[in-house]
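This report describes the overall build of one protein and then turns to a single residue within it. Please consult the sequence and the structure shown below while reading.

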Amino acid sequence: MALAFDEFGRPFIILREQEQKTRLRGLDAQKANISAGKAVARILRTSLGPKGMDKMLQSPDGDVTITNDGATILEQMDVDNQIAKLMVELSRSQDYEIGDGTTGVVVMAGALLEQAEKLLERGIHPIRVAEGYEMASRIAVEHLECVANKFEFGLNDVEPLIQTCMTTLSSKIVNRCKRSMAEIAVKAVLAVADLERKDVNLDLIKVEGKVGGKLEDTELIYGIVVDKDMSHPQMPKQIEDAKIAILTCPFEPPKPKTKHKVDIDSVEKFQTLRQQEQKYFDDMVQKCKDVGATLVICQWGFDDEANHLLMHRNLPAVRWVGGVELELIAIATGGRIVPRFQELTPEKLGKAGIVREKSFGTTKDRMIYIEHCANSRAVTIFIRGGNKMMIEETKRSIHDALCVARNLIRNNSIVYGGGSAEISCSIAVEAAADKHPGVEQYAIRAFADALDSVPMALAENSGLQPIETLSAVKAQQIKENNPCCGIDCNDVGTNDMREQNVFETLIGKQQQILLATQVVKMILKIDDVISPSEY
């Protein structure tokens, strides 16, 4: 830490406890920050693209996660360095906003930092580098608008949506049945989409998983699946045209708030108390029967007495259903959630075509399906898989696919994948660099080089020769003036991504470039790092 001296040469202290703090300034600080950012990008680089590798992460309490979703990897990595935390935030914001492309955005930021390091070593001021990057990112985003294609889809023609979702799923562990998964995702989104307002509420899509079965058994249910069973084993397992009472009050006698004591000194008094309770339960069950309910779904538990009565009165019931599930059931069946028995009326009942209890395999696991609802705007994707990790990873993959379908409904422009969009932007940025006099020109060129890192990583992960493949594709794009040529990761034999049907959403790509540039600008502007030193 630098000391300051007064005119008599005595040192005096500026910062509190300054001998315990470490300080990096100038180029050293920038280099330390850049290497932290590059280290994070290097981790994710190998999990980019259809042939990307997965990462296995173990949490402190021994839970294992296997994934190649960039946001999840960084979330679970428990990063300590401040700059690395910025990269984690970067991928999280891409996940919140777009839902897909979380790995690509970090790889892109890492490449920009790497190029910036070379420029700083040549003595170019970091602000000029940051400004050059800003100009280049604007050129790239505008160029993406030019190479983007719009496609039309209707409720009957959903093929383009399915193709784009398949591109997202092809880099995941579920790629062997990506066609069926993409169809499920698209159907689910279209079921809850409001096509006039171009809006999709993903909260209405519930993703449930159950270990067992195989991935191909994953299904889309137009209705709700609840991981519960009927409260009494002898209740009917299937109810047609169900009228559902959704309650948040317990089937129990009321407990007074005050402390009280009942003295019972004779058999008669006990009998009266007992009859009183029984009458109370009788009234409850009768109220439900009177409004015409054929199924009761309750947030709380039942007394055994109540359960027995419900069974005898032929009123099937489900207990301990969570609050979120209750809301979804209410939305799907068009019912109202009732907080008191006194408020039950026939209008507040939900309606469903069929409610059935389904058991799985040889275990005692049962789930309740509520289907053919009055309002089919709430759907459930029910995932099966060999083990828990597989199901968790499939849930993340489906989430990405749902987000992609939602983005396409909001904005139906696409660009071609396989690194073709990045290569095309790189060529455009390189060409635009000549028009800018001054030092920024170097930064714009560096931005063009950084854009090439995504197709390069794709080629590397697919086991191709990265530099040869990239230069061949780039030459082909320039020669044919065709922005659809990308890296042929799946060895189909053609570089044209239109023929391979590899699409990505335009807003996803633009967001990637803008977010990466913003974070890199922020990192480059830091020239002094003061941190408490470790003991």
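What percentage of the 535 residues in the protein do buried residues make up? In this predicted model, buried residues account for 50% of the 535 residues.

**Overall dimensions and surface**

A compact globule of 535 residues would have a radius of gyration near 24 Å, whereas the protein has 30 Å.

| Property of the protein | Value |
|---|---|
| Span of the C-alpha trace along the principal axes | about 100 × 75 × 40 Å |
| Accessible surface | about 26300 Å² |
| Distance between the mean positions of positive and negative charges | 3 Å |

Carbon and sulfur atoms contribute 51% of the accessible surface. The charges comprise 65 positive and 77 negative ones.

**Secondary structure and domains**

The protein contains 17 helices and 21 strands. Of the contacts between residues at least 6 apart in sequence, 73% join residues at least 24 apart. Two domains are assigned: domain 1 consists of residues 19-148 + 414-530, and domain 2 of residues 222-374. Their C-alpha centres are separated by 54 Å.

Thr333 belongs to helix H10, which covers residues 323-333. Is Thr333 buried or exposed? Thr333 has a relative accessible area of 2%, and residues under 20% count as buried; Thr333 is therefore buried. Leaving aside residues up to four places away in sequence, Thr333 touches Ile244, Ile246, Gly350, Lys351, Ala352, Ile370, Cys373 and Ala374.

Definitions and conventions: Residues numbered from 1 in each chain as written. Predicted model: local features only at pLDDT ≥ 70, side-chain atom pairs only at ≥ 80, totals over all residues. Heavy atoms only, no water. Helix = DSSP H or I, 4+ residues; strand = E, 2+ residues; numbered from the N terminus. Rg over C-alpha atoms; globule rule 2.2 N^0.38 Å. Buried < 20%, exposed > 50% of the residue type's maximum accessible area, 1.4 Å probe, protein only. Contact = heavy atoms within 4.5 Å. Areas by Shrake-Rupley, 256 points an atom, 1.4 Å probe, with all protein chains shown as cover. Lys, Arg positive; Asp, Glu negative; His and termini not counted. Charge placed at Lys NZ, Arg CZ, Asp CG, Glu CD. Domains from an automatic or database assignment.
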